[in-house]
There are 2 protein chains.
Amino acid sequence: MDQGQAYTELLRRVREAALLESCAGLLGWDERTYMPHHGSTHRADQVALLARLTHEMVTAPIIGELLAAVELASLVRDVDSETSANIREIRRQYDRAVKLPKELVEELARVTTRAQQVWQEARQANDFAAFQPWLEKVVALLRQKAQAIGYKSVPYDALLDEYEPGATTAEITSIFAALRADLVPLVSAIMTSGRRPPRDLLEREYPIEEQQRFGREAAAAIGFDFEAGRLDVTTHPFCSGIGPGDCRITTRYNVCHFNESFFGILHEAGHGIYEQGLPAEHFGTPLGTAASLGIHESQSRLWENQVGRGRPFWEHFFPRAQQAFPAALGEVALDDFLFAVNDVRPSFIRVEADEATYNMHIILRFELEQALVSGDLKPADVPGAWNEKFKQFFNLTPPTDAQGCLQDIHWSMGGLGYFPTYTLGNLYAAQFMEQARCDLPNLEDDFRAGRFQGLKGWLNEKIHRLGQRYRAGDLCQRVTGRPLSHQPLMAYLRGKYGPLYAL
Amino acid sequence: MDQGQAYTELLRRVREAALLESCAGLLGWDERTYMPHHGSTHRADQVALLARLTHEMVTAPIIGELLAAVELASLVRDVDSETSANIREIRRQYDRAVKLPKELVEELARVTTRAQQVWQEARQANDFAAFQPWLEKVVALLRQKAQAIGYKSVPYDALLDEYEPGATTAEITSIFAALRADLVPLVSAIMTSGRRPPRDLLEREYPIEEQQRFGREAAAAIGFDFEAGRLDVTTHPFCSGIGPGDCRITTRYNVCHFNESFFGILHEAGHGIYEQGLPAEHFGTPLGTAASLGIHESQSRLWENQVGRGRPFWEHFFPRAQQAFPAALGEVALDDFLFAVNDVRPSFIRVEADEATYNMHIILRFELEQALVSGDLKPADVPGAWNEKFKQFFNLTPPTDAQGCLQDIHWSMGGLGYFPTYTLGNLYAAQFMEQARCDLPNLEDDFRAGRFQGLKGWLNEKIHRLGQRYRAGDLCQRVTGRPLSHQPLMAYLRGKYGPLYAL
C-alpha cells in the first residue's frame, strides 16, 4: 500500500466511525425529544453498544499503522495543507483514545451516569453532602485521565484539550485575568448608575404558538435551513448535527417569559448554521468537523447576542414581534424593549446571567476546576470555596448550594475543562464580529432591512467551511489578523452598555 | 466452553445484532416521520453501515460454531422447550444469511433501492414500460436468491419462508383456493342484493385535531400503551417496534375521510400491542420476536376489523364519535354508520378494499408472483396477465396500469412472497377471534362497555408472550385446537354481511 492509499484507507476508517457515531447522535436527539418514557433502558443499551463499536473502530491498531505510514510520507511536509490538518487531528484523537485504558473509560462512563442522577436529586434537595462522594469519584477519575493522557505543564491542560484542542491553561488564565480586570469596573459602574430596565415587559403572556412561529421565522431569517434541519421542543435545549443535510435544534417555551425560547432559538440556530456550513464532502474527517467548542460557542453567541440583542436586529424584528404579541408588546417602545433584553445585574445562576456578568461565572468555575484537578481543592471544600469566590466576584452569597455549586450538570458529567469554552466563545464572537463589521461595512443597514445573508456568508467562508483545518487560535489569527484578545468583547460591552446605563 | 456457555454466548451475540438492528429501526422511523428533506443521503449511508455491521454479526463463523455445539448437546432434545425454539430459529436465520452470497445481497439492495424510485415515477406516469426492466432485474435476482437458499418443492417456498417461516406454497394454495371458492358467491350475492350503504357520511369534514384526539383515545382504550410508544404522522403508515418499552405507530389524516386515519390507527395499534406484548427479557432472541408476518397481521386485522368494525365496539364509541364530530355525525344513526364502515364493493386498489374483496386482491398477486418466480410469467407480460385475472376475479378491467399492476410498492422492494401474509393475517385473525369468543363469553358486553383488557390479556397470554416459541401453524393449532382453516373467516364475513345486505 503506498502512502496515498494509506491516507485514503485512513480516511475511510475515520469516516465510518463518524458515521456510526452519527447514528448515536440521532438516538440521543430522539431520547431528548420524542422517546416514550419506558424506552430509556433499551435506549441506554443501544447507545452503549454504538459507543463500544465506535471506540473499537477509532482505536483499532490499523489506525495507528496507517497514521504512522502517512506521517512518514511527504503528505505532512506542507503543514498548511488540508491533508496535513486531517492527519494532525486524527493523530490527536487517536493518541487520546489509545492512551486511555479501557477500564478507565468504562469506569468513567459508569460513574458519571450515576453521578448525574445523584446530582439531579442533590440539587433538588439542596444536599451537597449527597453529591460529594460522587464528585470525589469523578475528580479522582479525571485526575487519572489527565495523567494517562499526559500534558506539558499542568494536568488541567489534558482535560481542556478535549474540548479546545491545543488551548493551554496558561493562555486562558492570562486572557481571563485581563477580561476580569476590565469587567469588574464595568459591572460596578452599571450597578451604581441607578438605571434599571423595565424587564417585567418580558414576563407578560407570550402565547406559545406565536413564540414557535416567531422563533422559527427568526431562525430562518438568520440562515438556519429548515430543509436541512428541524426545531423541536426539549427540557434542556441543545443543537445536534446529525450529518450533512440534517441538523436538529431544540428549545423550550415559557408562556410567561419571552427570552427563554427566543434567544435560545437564536443561540441554537447559531450552532446549527455552523453545522450546516461544514463542508459535506469532508463529513467524518477533521476537515468536516467544527474547530473547537469555543469556536462553536462563538457562533451561537454571535447570533444570540452580538446580532440578536442589537438595535439593528430589532429595528427589523420589533414591529413583527408587536404583531405577534400585541397584548404584551403592542404599547411598548423599542427603546424599552431593547433595554429590557440587555438588562445587567449580578445573579446566582449562570444560565440566567447577562452578557457581562456571565463571564464572571465562568472565570469562577475555571479557577475552581483547576484547583480540583491539581488537588489543591478537595471536593468536600467546594461549597465553601464557591461561596467565598462568589462573594469576592459578585459581592453576594448564594443562599443555598442549589443556587451555588450544585447548579450545573457539567461536573457530574465529568466535564471539567468544558466551562472555559463558553467565555472563549464570547471572546471569539466579539473579535469575529469586530472583523465582520470592517469587512462588511453595510452590516447594520442589512440587519435593519432583515438581511443576514451577508454575515452568514462571511462566517461560512471564513470559519464554517474550514472545519478543523486550523486550530481555534490560528483560525482567529487568520480571520481577524490578531491573536485572541479580551479587548473586542470589552469594546462591544462598553459600546452597548455605555448609552443604556448613561455611563 | 461447555454447552451451557455456548448457548449463553450464542444468545449474547444474536441479541447484540438485534440491538444494533434496532438502532436502524429508529433511524427508519425518523426517516419516515421527522427527518428533514436534505438528510436522506446521509441517512442512507447510516442505514447501509448498520445493515453491513449487523450482517457481519449474524453471519460470523463463530455463530455457526456455537450453533453446532448447542445442537449436539442435549439442549435441543426436548423439542418443545424454549431453548430448542430459540436454537431452531437462530439456525434458520443463520442458514438463510450465510447461504446468500454477499454480492447477491448487495446487488439486491442496490437494485431494489433504484427500482423503488423508478416504480414511484412509473406509477405516477402510468408507464409500465419504464418499470419493466427493473422488475426484470428484481425477479432475476430473486430467482437467484431462491436457488441460493434452496427449497423442497418450488422456488417460491424459499421466498415465502422469509416472511412466514415454515409455510409452504402448497398449503397456502390449498387454503386460498377454498377461501376463494366461498368468497366469490358471497361477494356476488352482496353485489346483486341491491343494497348500498350511505358511505358519503364518512366523506364529510372530520377536523384533523379531533381525529387525532379520537384516534389516540381509541388506541389507548384497546390497550396500546403510550408510555411505551408514540403515534406520529407519516405518508405510508407503519408500526415500528424499536425495543422493549418503545414502539412507534404512525398514521395519516385526511380531513374528508373518517376511515383513513381511524381504522389505520386501530390497525397499527394492533401491531403495536403485539410488539408491546413480546417478552422484554427475551428481546433480540427468537423467543422475544413476533412469530411471523401472518401472525403480526392477524393482530392488526383483529383490532381493525373483527373488533373495530363490529357493532359492540361502536355501541361504546359511536356516541363519543358524535361528540367529537358533531357536524358530520350528530344526526347520523348508528346503523347507517355501521353499514357505511362495512361497505363491500369490488374496486381496483387493494389498500382501499373491504374485508371480503381484499382477499381476492391478495390471491391474484399470490398467483402472479408464483408464476414470476417459476419463470412461467415474464415481467413484460405482467400487465396483460394482471388485467386478465382481474377481469376473471372481479369482472372489471383496470383502466390503467397505475390502478392495476403498478399500484403496490412490494415488487419494486423485492418483496415477492410478502403478499400472502396479508390474507393469512385475516384468516388467523378470524380463527383466533372465534376461539376468544369461546374462551371469553362476555366479550361483546365488555366491548359495549368500552372494556378491551379481557381480549388484550387473552392475546398477550396466548400469542404475544410466546414470541417465536411456535411456528405460526403450530401456534394456531395450540391456540384454537385446529389447523388454520378458511371457515372462521367465511363464517365471520357471512355473519356480518348477511344482515347488512339481507342475504
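Residues are numbered from 1 along each chain as its sequence is written, chains are lettered from A and ligands numbered from 1 in the order of writing. Because the model is predicted, local features need pLDDT of at least 70 and side-chain atom pairs count only at pLDDT 80 or more, while totals for chains, interfaces and linings use all residues; side-chain values use heavy atoms, with hydrogens and water left out.

At the interface, 37 residues of chain A are in contact with 37 residues of chain B, where contact means heavy atoms within 4.5 Å. Between them the two chains bury about 2800 Å², 65% of it on carbon and sulfur atoms, buried area being the accessible area (1.4 Å probe) that two parts lose on being put together, summed over both. Chain A and chain B are also linked by six salt bridges, each defined as a side-chain nitrogen of Lys or Arg within 4 Å of a carboxyl oxygen of Asp or Glu. In the salt bridge that Asp246(A) forms with Arg43(B), the closest N and O atoms are 3.4 Å apart. On the side of chain A that touches chain B, the elements giving two or more residues are helix 1 (3-33), helix 2 (40-58), strand 1 (229-233), strand 2 (239-243) and strand 3 (246-251) of chain A; helices (H or I, at least four residues) and strands (E, at least two) are DSSP runs, numbered from the N terminus.

Within chain B, the axes of helix 17 (residues 420-439) and helix 19 (residues 453-462) come within 11 Å and cross at roughly 115°, the axes being lines fitted to C-alpha atoms, for helices over the stretch in contact, with angles running from 0 to 180 degrees between N-to-C directions. Helix 17 of chain B contributes Phe432(B), Met433(B), Gln435(B), Ala436(B) and Asp439(B) to this contact, and helix 19 of chain B contributes Leu455(B), Trp458(B) and Lys462(B).

Over all chains, a search of the whole structure finds 86 salt bridges. One pairs Glu297(A) with Arg301(A), whose closest N and O atoms are 2.8 Å apart; both residues lie in helix 11 (residues 293-307) of chain A, four residues apart, about one turn of the helix.
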